[in-house]
Amino acid sequence: MPTSLVWFRDDLRVTDNPALSWAASRGEVAGVLIDDTSGPRRLGRAVSWWRERSVASLSTKLPIIREQGDPREIIPRLARELGAEVAWNRRYDAVDVDAEVKRAVGARTFPGFLLAEPWKINTGAGTPYRVFTPFYKAVQQHLLAHPPQPISAPALPGGTRLVVPEAPSWAAGLAEHNTPGEDAALSRFHEFLDGLSDGHSYDNNDLSPGATSGLSAHLRFGELSPGYVWAETAAFAEAHPAAAPHAWAFLRQLVWREFA
């Protein structure tokens, strides 16, 4: 019986996952993934294709409980049935749902989706930034004072790989050029940094192979944390001065994600 349940959403990773690290430090842990049918939007087909394969990759690292329905009903029920505490990394597009679940189970919540919590980056008047450049400077100042400290992956018991639905024919192009999952994300990220050290340039306006990082989908599903990406890239820039301008141009785009 797990001591803690970690509710996974857009954070399908074990490295630099604060909620998972907290739960694993207490004892046995299992993950919970819910196909939410309560919201107004359903996942698109391409999103579902990627998510299923990312979840399957994650399920080899720890036990995953898969449910379908309303998380406001499912999470409290699982917590009662298993006698487990619940933890998750905060998200910002369904705060009302999360608040309701948290009241029901007394969950622990952690930052893990952004470089800085939204309420920490405000104008002098205390309002959100509406222009990117001053926002970027404010984020840089915040990270200078509070640099990301990525958390290593905790020791986990392993799990059983979940079955992946058969891929539709239209997904052949996706599968040819992309491999969902944390391991593939880490590999792609470090290959990108290796390319910069070998003299490759970074240009977010150039869609030719190798010109960008190719990490957008991996970040969208949280297979990499932005804090990990920032810390590793900043350290790389310091160690490779010739590649530093391209590394910082890449990090500027990471802050664009934050701004959005």
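Colleague: Which residues lie nearest the centre of the second largest pocket?

Modeller: This is a predicted model, and the reply should be read with that in mind. The second largest pocket holds about 630 Å³ of space. Its lining is made up of 24 residues, and those that lie nearest the centre are T212, S213, G214, L215 and S216.

Colleague: Which element gives the largest share of the lining of the second largest pocket?

Modeller: The elements that give two or more residues to this lining are α7 (182-197), α8 (216-220) and α10. By class, the lining has nine nonpolar, eleven polar and four charged residues. The largest share, which amounts to five residues, comes from α7.

Colleague: Turning to the largest pocket, which residues are the closest to its centre?

Modeller: About 900 Å³ of space lies in the largest pocket. Its lining counts 29 residues, and by class these divide into eleven nonpolar, six polar and twelve charged. The closest to the centre of the largest pocket are D36, R41, L43, R91 and D93.

Colleague: Which element supplies the largest share of the lining of the largest pocket?

Modeller: At least two residues each are supplied by the strands β1 (4-8), β2 (29-36) and β3 (64-69) and by the helix α2 (45-58). The largest share of that lining is four residues, and the element they come from is α2.

Colleague: How are α9 and α10 oriented, roughly parallel or roughly antiparallel?

Modeller: The axes of helix α9 (residues 226-239) and helix α10 (residues 244-259) come within 9 Å and cross at roughly 160°. Since angles over 145 degrees count as roughly antiparallel, the orientation of α9 relative to α10 is roughly antiparallel.

Colleague: Is the crossing of α9 and α10 left-handed or right-handed, and how do the residues of their contact divide by class?

Modeller: The crossing of α9 and α10 is left-handed. On the α9 side the contact is made by P226, V229, W230, T233, A234, F236 and A237, and on the α10 side by A244, A247, W248, F250, L251, L254, V255 and R257. By class, the residues of this contact are 13 nonpolar, one polar and one charged.

Colleague: What is the orientation of α5 relative to α10, roughly parallel or roughly perpendicular?

Modeller: Helix α5 (residues 132-145) and α10 have axes that come within 10 Å and cross at roughly 105°. Angles of 65 to 115 degrees count as roughly perpendicular, and therefore α5 stands to α10 as roughly perpendicular.

Colleague: Which residues of α10 does α5 meet?

Modeller: From α5, the residues taking part are F132, T133, F135, Y136, V139 and Q140. By class, the contact of α5 with α10 has eight nonpolar, two polar and two charged residues.

Colleague: Are α7 and α9 roughly parallel or roughly antiparallel to each other?

Modeller: The axes of α7 and α9 are 11 Å apart, and the two helices pack at an angle of about 20°. The crossing of α7 and α9 is right-handed. Because angles under 35 degrees count as roughly parallel, α7 and α9 are roughly parallel.

Key: Residues numbered from 1 in each chain as written. Predicted model: local features only at pLDDT ≥ 70, side-chain atom pairs only at ≥ 80, totals over all residues. Heavy atoms only, no water. Axes fitted to C-alpha atoms, helices over the stretch in contact; angles between N-to-C directions. Left-handed = near helix turned anticlockwise from the far one by under 90°. Contact = heavy atoms within 4.5 Å. Nonpolar A, V, L, I, M, F, W, Y, C, P; charged D, E, K, R; others polar. 1 Å grid on protein atoms, 1.4 Å probe; cavity = no way out; pocket = protein on both sides within 12 Å on 5 of 7 lines; lining within 4 Å. Points joined across faces, edges and corners; volume = space filled by probe spheres on them.
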